[in-house]
Amino acid sequence: MSSSTNLARRDDDSAPSEPAVERGASARSAAGSQSDGHLSIVAPPAKRHPPFLLYGIYLFCLGTVMYLTGVLLVFPRYAGLYESLTPISEWLVWYSGTPMLIALILALTDFFILFEGRRSGRDIRHDPVDDCKVTVVLTAYNDEEAIGPSVADFAAHPRVERVVVVSNNSTDRTMEEAEKAGAIAVNETMQGYGSCVYRCFQEALGHDDSDLIVLCEGDCTFRADDIDKLLAYAPHADIVNGTRTVERLRQQRTQLTTFMFYGNVFVGKLLEAKHLGRGTITDVGTTYKLLRRAALIELMPLLDRRVNLSFNAHFLDRALGTDLTLVEIPVTFHGRVGESKGGNTSDMRAFKVGLEMIRGLTFGWKPTA
């Protein structure tokens, strides 16, 4: 970590002023104008169409539920209710094919008629980053045990210029332990995971001496070694998003249960279907990601800090809805130090967060508790 960095601790919710969006857009445009010393080809923008595949998935699920419900209604006959339920059962089974047929038509339309127009149309991007110094920002909430080792791990990485810890009203010694480990510690007074991540972005943008920003959590679930992976893909993207869904890269015992694991994959594929041709998504809940400074400046006005535990899905949805390039790569995932306080505390809470994500990407994002 740079020796010139002055350690500071702020216990208010004031944050660095956000740079103008135009600056970010122009900087990104200028950065992308050359590739390997050659002018890059300017491709036509991707065409925007309704997310037919996403709607098709919903209709297929509806048809499946109708069919299974109709079949299961056979069993009440043993309770003497069979005759009265027979018409309902037959109707559900018979008409379950209607939404399935519509779903098939929508999916085929997206895949075979609109897919090429949905793709960004760009060649494989290769835009090397001259300054590979990274500002790391860590979210924290009552992570007294974990924050010190986590800061030390990231600070020791040769590419890391500084580590900033944003505590979300921690009531323990999280901020003290972060400072002791060498981080810049600030407190975000607006409660909520979305507020904490948004403040992380603000703090990172306040340091204009590094073009790359890494967002992570301070609970030791992620490791600084994976920064090398993120940097390896940085030339190809504005945002490099980590995924925890590669089986051999996650420890056997983590806060990510089997239900949460496949729930993230399912919602990730819904998001991918919504933005078909824009990216491959298998994890909507991971915090670990690398962002180019100019791209983050462009995204900031599109993000709502009041979106709480589903903020990562909100972020991905907003990023994929722009002309920014997003690439997903596997990162290692470890057991956390301390108790989980987010959406992974139980399968039931994760289920509710998943429903919030589906509602957000389908009907628009609203503030959540």
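D219 counts as buried, at 1% relative accessibility, where buried means under 20% relative accessible area, exposed over 50%, and partly exposed in between, with a 1.4 Å probe and protein chains only. What we are looking at is a predicted model, in which local features need pLDDT of at least 70 and side-chain atom pairs count only at pLDDT 80 or more, while totals for chains, interfaces and linings use all residues. Residues are numbered from 1 along each chain as its sequence is written, and side-chain values use heavy atoms, with hydrogens and water left out.

Let me stay with D219, which forms a salt bridge with R336, the closest N and O atoms being 3.2 Å apart; a salt bridge here is a side-chain nitrogen of Lys or Arg within 4 Å of a carboxyl oxygen of Asp or Glu. This pair links distant parts of the chain, 117 residues apart, with D219 in the loop between β7 (212-217) and α8 (227-233) and R336 in the loop between β10 (326-330) and α12. Helices (H or I, at least four residues) and strands (E, at least two) are DSSP runs, numbered from the N terminus. R336 is buried as well, with a relative accessible area of 18%.

The structure holds 17 salt bridges, and another of them joins the side chains of D283 and R244, at 2.8 Å from N to O. Here too the pair links distant parts of the chain, 39 residues apart, since D283 sits in the loop between α9 and β9 (289-292) and R244 in the loop between β8 (239-243) and α9. D283 is buried at a relative accessible area of 1%, and R244 is buried at 4%. Salt bridges that share partners also join R125, D127, D238 and R292 into one network.

For a local case, consider K180 and E177, whose side chains meet in a salt bridge at 3.5 Å, N to O. Because they are 3 residues apart in helix α6 (residues 174-180), K180 and E177 are separated by about one helical turn. K180 is exposed, with a relative accessible area of 60%, whereas E177 counts as buried at 19%.

Turning to helix α9 (residues 258-274), we have 17 residues reaching 25 Å from the first C-alpha to the last, close to the 24 Å expected at 1.5 Å a residue, the expected span being 1.5 Å times one less than the number of residues. Buried residues in α9 include M260, F261, N264, V267 and G268, and what covers the buried residues of this helix includes α2 (52-72), α11 (311-320) and α12.

T368 lies in the segment after α12 (347-363) and counts as buried at 16% relative accessibility. A polar atom of the T368 side chain lies 2.9 Å from the backbone nitrogen of N308. Leaving aside neighbours within four places in sequence, T368 is in contact, meaning heavy atoms within 4.5 Å, with R306, V307, N308, L309, S310, E356 and R359.

Finally, the surface: L101, L104, I105, L108, F111, F112 and I113 make a nonpolar patch of about 760 Å². Patches are made of residues with over 30% relative accessible area and no salt bridge, like charges being joined within 9 Å and nonpolar side chains (Val, Leu, Ile, Met, Phe, Trp, Tyr) within 5 Å; accessible areas come from the Shrake-Rupley method with a 1.4 Å probe, and for residues only the protein chains shown count as cover. I113, found in helix α4 (residues 97-118), is exposed, with a relative accessible area of 63%.

Technical notes
A polar contact is a pair of N or O atoms within 3.5 Å; within protein, one must be able to donate a hydrogen and the other to accept it, and residues adjacent in sequence count only if both atoms are side-chain atoms.
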